Amino acid sequence: MTLSRRNFVVGCSAAIAALTGGAVRGLAFAQPGDTTHRDILVVVFLRGGCDGLSLVAPVNDPFYRGARGDLRVEESGQNAGLRFGNPIPGADFRLHPRAMPLLSLYINRSLAIVHACGLRNGTRSHFEAMDYMEGGIPESGVPANGWLARYLNGINASGYLPAVSAGARVPFSMTGFNDAAALTDPGAFNLSWNSWRYRSQLDQALDSFYSGDSPVQRAGRTTLTTIARINERLPRDSQGRVIPYTPENGAVYPGGRGASLGSALRTVASLIKMDVGLIAATVDYGGWDTHEGQSWIFPDLVAGLSEALYAFYNDLWRYHHRLTIVVMSEFGRRLKANRSSGTDHGHGNVMLALGEGIRGGKMYGVWPGLATEQLDNGVDLAITTDYRAVLSEILVKRGGHQAVDQVFPGFSGSPLGLAYAPGETIERPQRVNLPLVTR
């Protein structure tokens with residue numbers, strides 16, 4: 001049998017696209033390297049504008065109670081929030097009642113909360129806000145590359161697979177880092193031949209095609225090497241079939257509304273354990289644009305987020321010393337509920353930081369209050385902490401990148417004290433399997 005030109009072209013296209021989730025801009029030039037000393041940063045982006053005033057609610061605030069109606073988290077009763085302490089005198093902040101796993105992480109001092117946080121630009125556009133955040137800038141004029149790309153380039157990140165988006169595409173935050181990949185399942189990270197009949201011939205043809213020294217040929221060789229590296233790390237049975245990933249430490253990833261997030265975090269966990277040089281990963285969790293029906297949509301979203309983070313952290317118990325997770329959203333929701341049992345686009349929000357290198361069990365930031373004169377434009381939670389203050393502190397103390405102004409141009413904010421620097425004594429008990437708190 002002869003190898004047709006069509007099958008050869010299909011094979012070449014698959015090889016180039018495989019490492020980039022189909023995006024040619026992500027051609028890989030990575031080389032093997034020792035990255036076991038670096039922290040692994042996982043960024044979970046809540047697409048759609050998560051309601052931070054329901055995730056972490058000031059339940060005894062009279063302005064909150066008056067504005068939220070049936071959507072508010074209560075002090076008592078069936079919709080009572082979960083107590084986690086009162087960092088502000090006279091205030092009673094509670095986690096959403098479906099966030100019990102987050103409470104367990106908080107009590108273990110692994111989880112930190114930053115309130116009244118976010119993008120200082122006042123846009124209420126999802127797309128603008130996401131572009132500004134992922135670009136790492138506060139105003140218009142989105143740069144050509146993202147903040148994670150600038151960070152990874154700044155530390156000369158290398159390895160077979162240093163940066164991954166657990167999804168269908170590479171996010172804007174990683175644009176500009178040539179070694180970023182998008183994949184949903186390591187077991188399916190392979191060449192997609194139209195005909196297995198010619199596999200041996202196609203393999204030989206690809207080796208020959210990418211044997212030169214042009215940028216495309218080097219990228220092709222690296223892509224093929226990366227695919228081979230991942231495939232040789234996948235556990236297989238006696239017949240050579242890939243064995244499905246099994247979480248460690250009793251971790252159970254959620255189904256239901258949180259299944260997509262659980263699946264993406266499982267992918268990240270499996271790649272971390274495969275030792276392919278992963279340094280940064282991004283995960284999206286959408287559905288937070290709750291203009292209507294928030295009372296029944298939001299609780300399931302919170303449960304999915306909480307259960308997935310809890311499972312992911314327990315699953316990666318052997319990597320706690322290197323793992324840092326950040327949860328963020330493009331903006332919060334309006335203080336006052338609308339007439340459709342929902343909330344509209346707002347401003348200030350909550351960020352979460354999780355890991356052994358995080359000073360957890362605390363809430364950070366300055367609470368501005370919810371009286372009309374304290375609100376942004378008289379309607380939204382004001383921002384007192386720039387989201388870049390959280391990210392930059394983590395990049396400096398956990399990621400070893402000292403030039404914050406290169407990652408976040410024009411930013412010069414002060415650290416919050418939420419991250420441990422290397423060598424600092426961690427002030428909490430070391431638990432392998434975090435107990436799930438019950439009421």
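The largest nonpolar core of this predicted model has 77 residues; a nonpolar core is a set of buried Ala, Val, Leu, Ile, Met, Phe, Trp, Tyr and Cys residues joined through side-chain atoms within 4.5 Å. Buried means under 20% relative accessible area, exposed over 50%, and partly exposed in between, with a 1.4 Å probe and protein chains only. Val 42 and Phe 312 have the most contacts inside this core. Its largest share, 11 residues, comes from α10. Helices (H or I, at least four residues) and strands (E, at least two) are DSSP runs numbered from the N terminus. Not counting residues up to four places away in sequence, Phe 312 touches Val 42, Tyr 253, Leu 265, Val 268, Ala 269, Ile 272, Leu 323 and Ile 325, where contact means heavy atoms within 4.5 Å. A second, separate core has 46 residues, including Cys 117, Trp 147, Ala 280 and Phe 331.

Residues are numbered from 1 along each chain as its sequence is written. In this predicted model, local features need pLDDT of at least 70 and side-chain atom pairs count only at pLDDT 80 or more, while totals for chains, interfaces and linings use all residues; side-chain values use heavy atoms, with hydrogens and water left out.

The whole structure holds 5 aromatic pairs. Rings of Phe, Tyr and Trp (its six-membered ring) pair if their centres lie within 6.5 Å; planes under 30 degrees apart count as stacked, over 60 as edge-to-face and the rest as tilted. Two of these pairs are given below.

| Pair | Type | Centre to centre | Angle between planes |
|---|---|---|---|
| Phe 93 and Trp 367 | edge-to-face | 4.9 Å | 85° |
| Trp 288 and Phe 298 | edge-to-face | 5.6 Å | 75° |

Trp 288 lies in the loop between β8 (280-285) and α10 (294-315) and Phe 298 in helix α10, so this pair ties together parts 10 residues apart in sequence. Both Trp 288 and Phe 298 are buried, and together with Tyr 285 they form one aromatic cluster. Phe 93 and Trp 367 are also both buried. Their pair links distant parts of the chain, 274 residues apart: Phe 93 is in strand β4 (residues 93-95), and Trp 367 is in the loop between β11 (362-364) and β12 (385-386).

Strand β4 also belongs to an open sheet of 3 strands in the order β2-β4-β3, with antiparallel pairing. Two strands pair if DSSP finds at least two bridges between them. The edge strands, β2 (56-58) and β3 (82-83), each pair on one side only. Between β3 and β4 there are 2 bridges, and Leu 82 has Leu 95 in β4 as its bridge partner.
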